[in-house]
Amino acid sequence: MAGPKEITPDVRWGLMDAALSVVSPRSAARRYAARVAISNLRRGYEAASRGRGTAGWKVGGTAADAEIAAAGATLRDRMRDLVRNNPIAAQAVQVLVNNIVGTGIRPRAATPDPALNRQVDDLWRRWAARCDDHGHTDFHGVLCLAVREMIEGGEVFAVARYRRGAHARDLRLRIELREADHLDSARFDNRADGTRISQGIETDRDGRRVAYWMFPDHPGHNDPIVNHRLESVRLRAQDVAHLFERQRVQSRGVPWGTPAMRAIRDVDDWQTAELVRKKTEACLVGIVFGADEDQQSIAPVIEDGMGNRVEQFEPGLIAYARGGKDIKFNQPASTAGVYEWHRTQLHIIAAGFRVPYAMMTGDLSQANFSSTRAGLNEFRRMVEQIQWQTVIPMFCEPIWRWFIKEAQSQGLLPDGVEILAEWGPPKFESVNPLQDVQADLLEVRSGFSTLPQQIARRGYDPEEILSEWADFARKADAAGLVFDSDPRKVSKAGLVQTTDPTAPPSGDN
């Protein structure tokens, strides 16, 4: 049998050390110890060292696109299977969608002309209500589905379609969503003019995207009645919005739950094995030894290979054996530490999906107010980063540009005017509403933010809020009513205040 593998020291015993050890072993030891100390000062990354601890660590220097090309389809299929059949994966995806999209990320026109802004916003509302090319939902529903596809499948494509509307003033633009499977990932080409196609994405000589090669029909359709078109078609990049999260310099995305897939599968297998073990233990209650041959069982019986009678395998089973007169009852084994192990695995899965454990499982037994709020703050920072650096620039802004361009081409908006949008993500539910509202009020009164910013943060349109307030104030004045919520008439302390600008302030006005 081979002995243990010899470990070669980092600092070798040289000829000078050997010679000095013959004359003065103590000096040689001090010299070698000093060399080892110097070597430790120059030591690099421990994770890059080679030895027993890292012997099974297989790594590669492949590019992100090469890794996605090899494993992307398998990752998508497995993640979709987990979301369909595993409640933890389904809940993790739903939590991410709820927080990133919520009720919708709403735009409002941001030009110096207030009248033009109202015109653009009214046109957007009418178009967004029926922008889905499949006719199922509105813009916010399309955005919600797109983000879900990005999280579950790694990426999604929005394609601009132009359909004739019922009225001349209806925008022809419609939005069609396509899953990642539509992209012809097997199409590769290097052309003489410097353009190239990689995984169905065509780029120019500078590496900018110019087109996508996509299947008109989903390759996974198995309906024999449908005539599938399996030849990919070239779509201009300016008519396609590709939504995915970039974690490296990459061209395509991967499912968000990829780091947790193995853990979810292990927990599923463990739960199945534990359930089978418990059912098996429950089936066998006891064994009767030495029963008479003519003794009748209370249930239909079968015989094993030795001629022993065995009742049906079901909960409460009793087996009959040959031998002495006795009965032995089964003692089910207890499993210690199951809850702790299961909770640890769920923490790992939550970390892989980047969602708080309590939000994914609904288990608040280990949480208090401070820990919950601290965890939510970090989660919300991640959500805001995804909203402002991924969803809005890669999905919302391209669709806004399509909308403005189509409206200008149909003469519904003035041509040659740059019309930008300010996007308002959905508000986060407050853990302590009173404190948060007071903090927002102090920010506005101190000049750190504006009232329109605070209104937009809550998912509302400031222009609509202002118009609604003005309309309600006119009706209240006409009826002679004064409400405590009217800052024109009542101060913060509930005192009546004057609206005469020349009058001295009263109360806390």
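**A close look at α3 and α4**

A: Let's start with the residues that touch: Leu82, Val83 and Asn85 of α3 meet Pro87, Ala89, Ala90 and Val93 of α4, where contact means heavy atoms within 4.5 Å. By type, the residues of this contact are six nonpolar, one polar and no charged; Ala, Val, Leu, Ile, Met, Phe, Trp, Tyr, Cys and Pro count as nonpolar, Asp, Glu, Lys and Arg as charged, and the others, Gly among them, as polar.

Please keep in mind that this is a predicted model, in which local features need pLDDT of at least 70 and side-chain atom pairs count only at pLDDT 80 or more, while totals for chains, interfaces and linings use all residues. Residues are numbered from 1 along each chain as its sequence is written, and side-chain values use heavy atoms, leaving out hydrogens and water.

Now for the geometry. Helix α3 covers residues 64-85 and helix α4 residues 87-100; they pack at an angle of about 100°, with their axes 5 Å apart. The axes are lines fitted to C-alpha atoms over the stretch in contact, and angles run from 0 to 180 degrees between N-to-C directions. α3 and α4 are therefore roughly perpendicular to each other, a label for angles of 65 to 115 degrees. Helices here are DSSP runs of H or I with at least four residues, and strands are runs of E with at least two, numbered from the N terminus.

Asn99 leads us to another part of the chain: Glu429 is 330 residues from Asn99 in sequence, yet their C-alpha atoms are 9.7 Å apart in space. Glu429 sits in the loop between β15 (421-424) and α11 (433-446). With 57% relative accessibility, Glu429 counts as exposed; the cut-offs are over 50% for exposed, under 20% for buried and in between for partly exposed, using a 1.4 Å probe and protein chains only.

Stepping back, the protein has 13 helices and 15 strands, and 35% of its 509 residues are buried. Its largest nonpolar core holds 71 residues, and Trp127, Phe353, Trp400 and Phe403 have the most contacts inside it. Helix α10 (residues 369-409) gives the most to this core, with 15 residues. Such a core is a set of buried Ala, Val, Leu, Ile, Met, Phe, Trp, Tyr and Cys residues joined through side-chain atoms within 4.5 Å. Beyond its neighbours within four places in sequence, Phe403 is in contact with Val120, Leu123, Trp124, Trp127, Leu171 and Leu173.

Conventions:
Parallel < 35°, antiparallel > 145°, perpendicular 65-115°, else oblique.
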